[in-house]
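Dear colleague,

I am handing over the structure below, together with notes on what was found in it. Please read the notes alongside the coordinates.

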Amino acid sequence: MNDESFICFSILMVVFQILQWITFQAIMYLQVIAALAEKMKKGTSFGAPCLLENTLGIEMVRFVNSGTECMGVLRLARAFTDKERIIKFEGCYHGHADPFLVKVGSGVATLGLPDSPRVPKGATCETLTAPFNDISAVEYLFETNKGEIAAMILEPVVGNSGFIAPKPDITTDLTTPGKIIGGGLPVGAYGGRREIMEMVAPAGPMYQTGTLSGNPLAMTAGILTLKRLQEPGSYIYLNKITGELVQGIIDAGEKGRACDVQWVYTWHVFNFGDAKKSGTGRYV
Ligand SMILES: Cc1ncc(COP(=O)(O)O)c(C=O)c1O
């Protein structure tokens, strides 16, 4: 890794964060703020389900308060399948729950080790890893862990190691949306097939609750924001301002140092290994 590639990769990560931020800010428009002010007069949280909790177009949903909290989905997958091992992909981030704090290395697949001091080995020893976009690595893991894998978890587009596009089509039993579904307020959710979701308490035996989950403020901001996004032209607009930002950064980079900005129209990184070629030592 040389200095230039390190700088390129760092810029790429900064750009991704800026794009995320702009997306949030652009849609936190006045209507959301007005609706929140109105809702707040009636109370912010009741420690109980609220009528505003919608389905997000998913068969059955459980709201939580952050992306990390979505990881109740891991408990659910284990409860439903009666298995313990999971597969996660190199470079993917799924919040800071212990089982996902796995040190990922190159190679076909390895059993994970704790990635943060004093995370017990027991918390991560059932976490297997594979390179993103590598079906043969996944097949190998299923072959060598026959009957033991409860779930595979992945970011459909990897946002946490350089905006990496998926090669194959991905279909899921469970989905864990976050961030935007709360319109900028703390939120997360997991959901999917009713048959699986009915395992979650109080309908079923898998325990998971949250005092602030599905509170009326996050639900209001999320509903309005998603409606706004469904309006004709909103993604065209987001693409336009994102394109302008990307071009501005590239131009600025060319004046100083070379830089590489990957976004939806210029995908050329397909896994964590590719991302590392841009220089990861200091980034990671
Ligand atoms: C794909 C993904 N999953 C989970 C998380 C964790 O979400 P939170 O920071 O809300 O706990 C993040 C955060 O960036 C994320 O990008």
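**Overall architecture**

The chain has nine helices and six strands, where helices (H or I, at least four residues) and strands (E, at least two) are DSSP runs numbered from the N terminus. This is a predicted model, in which local features need pLDDT of at least 70 and side-chain atom pairs count only at pLDDT 80 or more, while totals for chains, interfaces and linings use all residues. Residues are numbered from 1 along each chain as its sequence is written, and side-chain values use heavy atoms, with hydrogens and water left out.

Of the 284 residues in the chain, 42% are buried, a term that stands for under 20% relative accessible area, with exposed being over 50% and partly exposed in between (1.4 Å probe, protein chains only). Among contacts (heavy atoms within 4.5 Å) with a separation of 6 or more, 71% are between residues 24 or more positions apart. The chain exposes about 15300 Å², and carbon and sulfur atoms supply 58% of that area, as computed by the Shrake-Rupley method with a 1.4 Å probe, where for residues only the protein chains shown count as cover.

**Around the ligand**

Oxygen atoms of the ligand lie 2.8 Å from a backbone N or O atom of glycine 67 and 2.8 Å from a polar side-chain atom of lysine 179, whereas a nitrogen atom of the ligand is 3.4 Å from a polar backbone atom of tyrosine 93. On its own the ligand has 390 Å² of accessible area, of which the protein covers 67%.

Glycine 182 sits in the loop between strand E5 (174-175) and strand E6 (188-192), and it counts as buried because its relative accessibility is 0%. Leaving aside residues up to four places away in sequence, glycine 182 touches Val187, Ala218, Ala221 and Gly222.

In helix H2 (residues 30-40), Val32, Ala35 and Leu36 are buried. Seen down the axis of H2, the buried residues fall within an arc of 100°, so they line one face of the helix; the arc is that of the directions from the helix axis to the C-beta atoms.

Best regards

Methods
Polar contact = N/O pair within 3.5 Å; in protein donor to acceptor, adjacent residues only side chain to side chain.
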